[in-house]
Amino acid sequence: MSINTTDSVDGFLQGEKEPPGSWVFIALGVVISLSFLLLYSILYPGQDLPVISDLVPVFSGVFDSGIWFFILGTMIGIFAILGRLLLEATSE
Amino acid sequence: MDTVLSTMFYFWISLFIAYLLVQRGLWIFSDVAKGTVSFMLEKAIGPGADLVEGRTGSGARSWIMQGTLWLILGSMFTFMSMWLSHDPDALHSLASWGYSANTHELYSAGVYATLYGSVSMLVIGSGLHIIPKLAGTELASETNANLVSFIWTISVLIMVVGSQNNMILGLEIIPVGIVLNTAALIAVIMNQLLTLANRTRNMALPGWLILIALLSNPILSIVSIASGAINDNIGQWLSYHIFGGTFFFLGVSGVALYASSISSGNPLWSKTLVGATLFGGIFTINPFGDIDGQMVIDLFGPLANNNVIAFSNEDMLSASFLMALASVPILAFSSNMLVTLRGSDMFIDDPNASGNAELNLGSWLIIPIAIGSLFVQTDAVSGTNELVGISNSLSMMSGWLVLVPLSLGAALSLYPELVGRHLFSQSRSRWGFLMMTGGAIFGLSITMIADFMDLALAELLVEDPSALSEELRKVGSVMFYGVVIGSIFHSLNMVSGMFRGNLISKESVTSSSISVESYNLVSPTTVRRILASGADLDTEIIPTGENDEKGSATKL
């Protein structure tokens with residue numbers, strides 16, 4: 001065990017480095033949530049989703065083209081670069 | 001004398017005089033000029049100089065990093081223009097913010113961001129590293145080079161905004177951008193000329209390619225205004241293509257030829273071919289790009305008139321002849337690049353040669369795209385206008401499959417030396433290359449197929465647009481999104497590499513699953529470079545004797 005890779009507070013241990021496998025579980029969680037949303041419409045046909053069905057109409061007419069998914073992807077990429085710059089500049 | 005030959009004649013004479021002045025100096029005024037320029041570059045900018053660092057290489061680094069970031073915006077605007085060509089209402093919700101997006105304006109924004117933002121900044125940035133190296137001296141003012149890069153970025157930003165709404169507060173915005181841009185370019189030229197004045201050895205030819213490219217920009221602007229070329233569509237078309245052939249083609253050729261030698265470890269194959277590229281670039285008309293000079297009207301604003309006249313027979317003949325001659329410098333450049341890059345790492349395993357794949361791609365594709373462009377331009381010049389429909393796709397191909405790969409490849413090759421570190425990840429570099437190349441080749445080819453379908457339908461006088469053509473445009477635009485992702489990968493890799501890339505003094509770990517049976521050793525090289533090309537312990541090394549030929553090697 002190295003002092004550079006773990007935080008130790010009164011016997012509590014927490015790794016500083018993120019294991020790559022943890023992302024698999026987050027992705028799995030997202031996929032399962034989406035599956036449950038689909039299941040809802042099958043089990044309760046005709047019934048709107050609570051909360052979400054009230055929010056979606058707010059965005060109707062705004063993000064109503066597939067191009068917005070691509071623009072969103074680019075924005076994530078640009079913010080990843082800006083985030084990297086900010087993090088590296090302030091890490092010391 | 002006709003418009004084409006007379007304008008070109010004035011341009012050649014002006015460039016020749018500029019070359020003589022650079023070579024011979026300003027007689028007894030040389031020392032005064034040096035002192036004045038030096039003062040203007042450093043002291044005259046006052047407190048502005050304190051805003052940026054002046055360490056060795058910081059100027060080139062700043063230009064290259066900003067050029068790479070512009071790549072994202074350039075590809076994004078181009079992608080959106082392609083999407084809106086089949087779905088014009090996709091961004092209608094932005095109208096509530098007062099912005100009405102349309103495909104033509106987004107296409108213009110993409111062109112400004114890609115050519116002025118990305119390609120120009122990568123070429124100028126690489127030039128700021130290459131010319132001092134080849135001249136055996138230091139850059140005259142790193143501080144000025146660094147500061148001016150931000151002025152250039154602001155000018156491109158103004159041009160991009162102007163492409164969406166050119167009139168703001170009764171003022172044409174794009175000419176304001178180009179004035180700022182020219183001011184920044186003149187500062188770069190002064191910086192490079194002062195560097196050259198302090199040279200300790202004769203500069204190799206790639207350096208001259210870059211310098212002539214820089215000088216050609218303001219000279220062409222003056223010649224176009226003075227000769228009246230910007231007042232009619234023929235002169236505007238000509239100015240656009242001379243600009244493309246000198247500033248872009250020569251600039252990109254210069255940095256790519258230098259980088260091909262640096263990253264492959266091979267000497268530049270032929271000095272004669274570099275000379276042919278240089279003279280051919282100046283004395284011929286480059287066929288890449290649009291079929292009209294609309295960009296010149298936008299850039300010169302109130303100075304340009306919108307007169308439309310038909311090409312005279314003399315103009316048509318001289319333009320077609322000079323465009324056909326452009327195949328000489330293009331072939332010379334391509335062959336020189338490909339032979340120089342021979343035997344080097346093409347699979348992006350060697351961290352010292354991350355740009356080789358891009359350089360190789362641009363060197364291959366420049367020939368078919370040049371031939372296609374020649375057909376389209378000749379068709380437009382002769383007034384036949386049968387191929388006008390594919391001109392946009394072909395113009396985008398020349399940008400995304402020739403100029404961008406060559407300038408980005410050169411910048412990636414120089415990156416370790418400039419930053420002192422390797423790129424963050426070779427794998428990300430490889431993915432960036434694959435996404436950009438795949439996206440551009442498939443996206444633009446599929447769009448061109450749709451263009452051909454529309455041309456065929458128009459010829460048959462079919463009024464309803466084809467559903468299949470629209471579907472193809474949709475697929476083409478989605479595939480082109482790979483270029484956006486590739487640009488993000490490259491930018492992220494370069495930004496991360498500045499902080500966390502392996503130091504170049506440390507040995508880099510490379511691995512390759514590709515092995516080769518034989519390796520042609522054409523010049524002295526390191527074992528690491530041989531291993532990086534895919535060789536293993538069983539690979540047979542075959543020495544070849546090309547260096548014995550007279551004039552075959554250029555030491556950089």
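Here is the tour, with what to select at each stop.

Before clicking, note that this is a predicted model, where local features need pLDDT of at least 70, side-chain atom pairs count only at pLDDT 80 or more, and totals for chains, interfaces and linings use all residues. Residues are numbered from 1 along each chain as its sequence is written, while chains are lettered from A and ligands numbered from 1 in the order in which they are written.

**Stop one: chain B.** The C-alpha atoms of chain B fill a box of roughly 65 × 60 × 50 Å along the principal axes. Of its 556 residues, 55% count as buried, meaning that 20 or more other C-beta atoms, placed from the backbone, lie within 10 Å of a residue's own.

**Stop two: helix 4 of chain B.** Now pick residues 103-135 of chain B. This helix 4 has 33 residues and reaches 45 Å from its first C-alpha to its last, close to the 48 Å expected at 1.5 Å a residue (1.5 Å times one less than the number of residues). Because 29 of the 33 residues of helix 4 of chain B are buried, the helix is largely enclosed by the rest of the structure.

**Stop three: the core.** Select F79(B), Y112(B), I212(B), V252(B), V255(B) and A256(B): of the 172 residues in the largest nonpolar core, these touch the most other members. Such a core is a set of buried Ala, Val, Leu, Ile, Met, Phe, Trp, Tyr and Cys residues joined through C-beta atoms within 7 Å. Zoom in on V252(B), which touches V119(B), V123(B), L403(B), L406(B) and S407(B), leaving aside residues up to four places away in sequence.

**Stop four: where the chains meet.** How many residues does each chain bring to the contact? Chain B gives 17 residues and chain A gives 13 residues, with contact meaning C-beta atoms, placed from the backbone, within 7 Å. On the side of chain B that touches chain A, helix 3 (58-84) and helix 16 (467-500) of chain B each give two or more residues. Helix 16 of chain B supplies the largest share, eight residues.

**Last stop: helix 1 of chain A.** Finish with residues 22-43 of chain A. The number of buried residues among the 22 in helix 1 of chain A is zero, so this helix lies largely in the open.

How values were computed: Two residues are in contact if their C-beta atoms, placed from the backbone, lie within 7 Å. Helices (H or I, at least four residues) and strands (E, at least two) are DSSP runs, numbered from the N terminus. A residue is buried if 20 or more other C-beta atoms lie within 10 Å of its own, exposed if 12 or fewer, and partly exposed in between; C-beta atoms are placed from the backbone.
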